[in-house]
Amino acid sequence: MDPVQAEDGTRGLVLVVEDEPAIADVQRRYLTQEGFGVHVERDGDGALDAVRRLRPVAVVLDVGLPGRDGVSVCRALRAEDDWTPVVFVTARDDEVDRVLGLELGADDYVTKPFSPRELVARVKAVLRRHDGPPVPAVLEAGGVRLDEGARTVVAGSDPVALTATEFALLRALMKAGGRAVERTELMASAWGQADYTGSRTVDVHVAQLRAKLGEHSPIETVRGVCYRVPTAARA
Ligand code: CA
């Protein structure tokens, strides 16, 4: 069995921000069917926190939220130079006007009532416009070299056979450019979803990963809650 074949089953995590549970459920169901992981938040502050924590590939953002509304959430992200693509969900013409007034670049919107298929199509479209097909990189840190295209890992001079999950975790850590990565973000990278009740699972996989990389392992534990690869660089 090729240990890294199963890893591409997910298209990444989509953050759904919607205060109406029935609508959020429909969005979750259709996005999941299309291979996305889905995390749901019900208000704007939760949305901002989730974007920073989970780094979703895209955000489906209801404009009419309690408290901080969707437009304000998007402005706050852009002010932080966060250009995660957004698909707005609008309910009224004046909301459409506000969204269009943002000069959003890659972003898009659907108007309630929307067809779930249309929503999924919009998400895929903003992802295509956002960065096109990813270019595989060769990542190096410490004595470890990870080739995304060939899907191989070498520690020192020895090839290392990793499971799909171990490969995804190592890639996420090496791509973080020295930043400490929390367990929930690692889970989102490796499984396309964040399951807060099971975050110890990450520790188990990281322990196995470290054991396989042996003395060459570049993975540090930060404050007992995050992991970090300090000197990762793209070759
Ligand atoms: Ca709403």
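## Where α2 meets α3

Let's start at a helix pair: G44, A47, L48 and V51 of α2 are in contact (heavy atoms within 4.5 Å) with V73, A76 and L77 of α3. Sorted by class, this contact has six nonpolar residues, one polar and no charged ones; Gly counts as polar, while Ala, Val and Leu count as nonpolar.

This is a predicted model, in which local features need pLDDT of at least 70, side-chain atom pairs count only at pLDDT 80 or more, and totals for chains, interfaces and linings use all residues. Residues are numbered from 1 along each chain as its sequence is written, and side-chain values use heavy atoms, with hydrogens and water left out.

## How the two helices cross

Helix α2 spans residues 44-54 and helix α3 residues 70-79; their axes come within 9 Å and cross at roughly 30 degrees. The axes are lines fitted to C-alpha atoms over the stretch in contact, with angles from 0 to 180 degrees between N-to-C directions. α2 and α3 are therefore roughly parallel, a term for angles under 35 degrees. Their crossing is right-handed, meaning the near helix is turned clockwise from the far one by less than a right angle.

The buried ones are G70, V71, V73, C74, A76, L77 and R78. Their cover includes α2, β3 (58-62), β4 (86-90) and α4 (93-100).

## The whole chain

Eight helices and 13 strands make up the secondary structure of the protein chain, counted as DSSP runs (H or I, at least four residues, for helices; E, at least two, for strands). Of its 235 residues, 51% are buried.

Definitions and conventions: Angles under 35 degrees count as roughly parallel, over 145 as roughly antiparallel, 65 to 115 as roughly perpendicular and the rest as oblique. Buried means under 20% relative accessible area, exposed over 50%, partly exposed in between (1.4 Å probe, protein chains only).
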